[in-house]
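Colleague: I am new to reading protein models. Could you take me through one, feature by feature?

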Amino acid sequence: MENQQRSSAGAPPGPGPGLGGAATMRAVVQHHYGPPSVLESSEVGMPLPGRGDVLVQVGAASVHPGDYFVMTGEPFMVRLVYGLRRPRHRIRGMDLAGVVAAVGKGVTSLRPGDEVFGWSSAGAFAEYACVPADNLVSVPGNLSVVEAATVPTSAMTALQALREVAKVRPGQTVLVTGASGGVGSFAVQIAKAFGAEVTGVCSTSNVDLVRSLGATHVIDYTRTDFTHNEKRYDVILDNVEAQPLAAVRQVLTPTGTLVPNSGRGGRWFGPLGRIVKARVLSSFTRQQLKPFTSIGKRQDLLTLTDLLRTGQVKPVIDRTYRLDEAADALRYVGAGHTRGKVVMTVR
Ligand SMILES: NC(=O)c1ccc[n+]([C@@H]2O[C@H](COP(=O)([O-])OP(=O)(O)OC[C@H]3O[C@@H](n4cnc5c(N)ncnc54)[C@H](OP(=O)(O)O)[C@@H]3O)[C@@H](O)[C@H]2O)c1
């Protein structure tokens, strides 16, 4: 996910946030790219909130595939953004929920003690994190801090894919692959809330879960290939891209929209080849093939807050890990079979 604003956690090369102040905190730090074993639980300096920033005492931080890609530095393409030889920001973690501990100059919307959730470009796997105030909103009363931490990147991705990219309308047929995953579990519920008829694709053990999230039809990918289906869909949100584009297009209506959304792919360029192919092909067909990159937007988080408050969307939590179990959490998420979201509890 791209950030609209750069937080102090997203700023300059060098030791990075949380590695310099006088007071200290516990954080999950990495000095090199590599497998989960590169993560260390260390005492580091507390970050200081700059102008427009908020210091959040982190209660919980969720983990998603993007954290895994940045940790490993693969696809290598991510190093162009996160640091060529080693990660510029040493503390991983983007999505968090917690309590405002202090506010920087110019912040009037939040006060110490407020319970908030939101996103940053780095630094969430720590006891404290500095986040731009504009990236944070209040935790709805019916959600725990652990539940709130699951929302930002995954739910905003699902919302933007369905509302802005595919422009889902009531009555449309929407198919979601990876329906049991972090993005998929939110996408099924959001598409349902938009009045669509939802089909979810998942494995046998997740069929009941995906149905409970609001899918009218569920396809078990271990038994049935959805691209061999007779049915045609107005919108396909493909979070897995296990089938070739040509096969997926077969089950899209003649003017339907396909959103290829998997970040996984080759070691160098990740999904880039598939993205280029989809864009090129899109000019030769009436079908819309629209890969996209989600963007952190406060207004979208507020929209999601409404859906959460009314119970139309509920986070699904797979597992929680303690901060000192970060390597296990990243290993699990990296394997690509999470059921909802994985969360690190910080206190
Ligand atoms: N466009 C963007 O800006 C953006 C933003 C965020 C994420 N993403 C991408 O979105 C993708 C999904 O993210 P996520 O957080 O949902 O991942 P995730 O939590 O790892 O979920 C993956 C899910 O896919 C399921 N799955 C695996 N193989 C499948 C198959 N052949 N058919 C159907 N389901 C299958 C898994 O269930 P089983 O255990 O049952 O296999 C699991 O529940 C990632 O590749 C991520 O990089 C893109």
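This is a predicted model: local features need pLDDT of at least 70, side-chain atom pairs count only at pLDDT 80 or more; totals for chains, interfaces and linings use all residues.

Colleague: Into which domains is the protein divided?

Modeller: Domain bounds come from an automatic or database domain assignment. Here they give domain 1 (24-150 + 315-345) and domain 2 (153-289). Their centres, taken over C-alpha atoms, are 27 Å apart.

Colleague: How many residues of each domain are in contact?

Modeller: Contact means heavy atoms within 4.5 Å. In this model 20 residues of domain 1 touch 21 residues of domain 2.

Colleague: What area do domain 1 and domain 2 bury between them?

Modeller: The size of an interface is often given as the accessible area lost when the parts come together. Buried area uses a 1.4 Å probe and is summed over both parts. The two domains bury about 1600 Å², 57% of it on carbon and sulfur atoms. On the domain 1 side, Phe76, Met77 and Arg339 lose the most area, together 30% of what that side buries.

Colleague: Which residues come nearest to the ligand?

Modeller: A residue is near a molecule if one of its heavy atoms lies within 4 Å of it. There are 26 residues around the ligand, and Ser203, Tyr221, Asn261, His337 and Thr338 come nearest. Domain 1 and domain 2 each give at least three residues to this shell.

Colleague: Which helix gives the most to the shell?

Modeller: Helices are DSSP runs (H or I, at least four residues), and strands are too (E, at least two), numbered from the N terminus. H5 gives the most, with three residues.

Colleague: What about the backbone details?

Modeller: Most residues other than glycine have a negative phi, and most peptide bonds are trans. The bond from Glu74 to Pro75 is cis, with omega near 0 degrees. Pro75 sits in the loop between H1 and helix H2 (79-82). Lys167 is not a glycine, yet has a positive phi of about 50 degrees. Lys167 lies in the loop between helix H4 (152-165) and strand S9 (173-177).

Methods:
Residues are numbered from 1 along each chain as its sequence is written. Side-chain values use heavy atoms; hydrogens and water are left out.
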